[in-house]
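Here is a short note to read beside the model. Keep the structure open and follow the points in order.

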Amino acid sequence: MSRFLSDNYKSLVPYVPGEQVNVKVIKLNTNESPFPPSPKVKEVISEEVIDKLNLYSDPELKELTCAIAEQFGVTPDMVFCGNGSDDVLAFAIMGFCGKGGKLCCPEISYGFYPVYADIFGVELEQIPLKDDFSIDVNDYIGKNKNIVIANPNAPTGLALTFDEVESIVSSNPDNLVIMDEAYMAFCGESCMELVKKYPNLLVTRTFSKSHSLAGLRVGFGIAQKEIIEDMNKLKFSFNPYNLNTLSIKAAAAAIADNEYYDEKIATIVETREKVTDQLRQLGFTCTDSKSNFIFASSDKISAAELALELRKRNILIRYFNKAKIDNYLRITVGSAEDMQTLVDAVKEILEEK
Ligand code: PMP
């Protein structure tokens, strides 16, 4: 640490992203898609577009907000885009909770929520999950604090129903409820249509998982226009060009290609179900994940040891050294072939025990 860092940030504990590697491994540690993005993405990154990179990107992101609005049947003034949904979450937590504000989230959830709360001086309550890792909806009814929930939750993969989400949103009319739907495409019940009914709901999504564009860094939030206006006020006070021209074009092309992505998502869901069954047959406990990862634990081998053994075989999965989940592994659903390699490796490791 240098002498110059502000006292405000000295105790900050940053978010630790999953490892990115250059060597050839089976990479099941950061919930990326095993498929390339839609071919339409390549088509729009034309030489003509590259030649215009001397100009700033559109700070209003018109092309992309219109494409997203069309997809979700809302108006473009209900869409806010960010450099990944992390950016959207950051603006929301900064803007609607702020210094001294109150926020709550599940105790086991996306690791960035506590980090954002910390950096923006927000008082965070982390609410324990039930023993089966599900969220107890009653804990969030009439909470009188801002709320952020990943639905499906990460790393458990468990999802709240539409009705459960509505009961949380409707019982907290004076607080913002952020539903982080990063993994929603993989078969949860989205609450997106509730944004028209409730002025206190912000739904965030990402291109990183279902749309095979983690490296592009694009996410978005949908809410009533007053919320979006507030977020834009912050954005234009901080980083007006938060998306670059290539990202805007590529994401707009991707979001329109339902045919391509519906098929890829269906394949991922099918593989998830198959591999979950295979792991259960090997004695693993797996949650009923509604996301693009499997959350699994074995009583034959510790999660830490299994992660290490898999790593020796060039298979990366995510292990969290965190109370309550330190005997679980989060395994991204990769291609059918890679997942078979994983299952074979797990079998071999268990046999060697
Ligand atoms: N929410 C959740 C629950 C996530 O797991 C992630 C991925 N790390 C994000 C948001 C952020 O994704 P991105 O910034 O790539 O859109």
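1. Start at F207. Not counting residues up to four places away in sequence, F207 touches L64, I68, S212, L213, A214, V218, F220, A251, A254 and I255. Contact here means heavy atoms within 4.5 Å. This is a predicted model: local features need pLDDT of at least 70, side-chain atom pairs count only at pLDDT 80 or more, and totals for chains, interfaces and linings use all residues. Residues are numbered from 1 along each chain as its sequence is written, and side-chain values use heavy atoms, with hydrogens and water left out.

2. Now the core. The largest nonpolar core has 88 residues, and L64, L201 and F207 touch the most other members. Such a core is a set of buried Ala, Val, Leu, Ile, Met, Phe, Trp, Tyr and Cys residues joined through side-chain atoms within 4.5 Å. Buried means under 20% relative accessible area, exposed over 50%, and partly exposed in between (1.4 Å probe, protein chains only). Domain 1 (7-35 + 259-352) and domain 2 (39-257) both give residues to this core, so it lies between them. The domain bounds come from an automatic or database domain assignment.

3. Next, the rings. The whole structure holds 16 aromatic pairs. Rings of Phe, Tyr and Trp (its six-membered ring) pair if their centres lie within 6.5 Å; planes under 30 degrees apart count as stacked, over 60 as edge-to-face and the rest as tilted. F91 and F238 have ring centres 5.9 Å apart and planes at 85°, so they pair edge-to-face. F91 is in helix α4 (residues 85-96), and F238 is in the loop between α7 (225-235) and α8 (245-256), 147 residues apart. Helices (H or I, at least four residues) and strands (E, at least two) are DSSP runs, numbered from the N terminus.

4. F238 is exposed, at 62%.

5. Look also at the ring cluster. Ring pairs link Y15, Y110, F112, Y113, Y116 and F120. Y110 is buried, at 18%. F112 is buried too, at 15%.

6. Finish at S291. Where is S291? S291 is in the loop between β9 (285-286) and β10 (293-297). S291 is buried, at 0% relative accessibility. Leaving aside neighbours within four places in sequence, S291 is in contact with P152, G157, Y183, F186 and R272.
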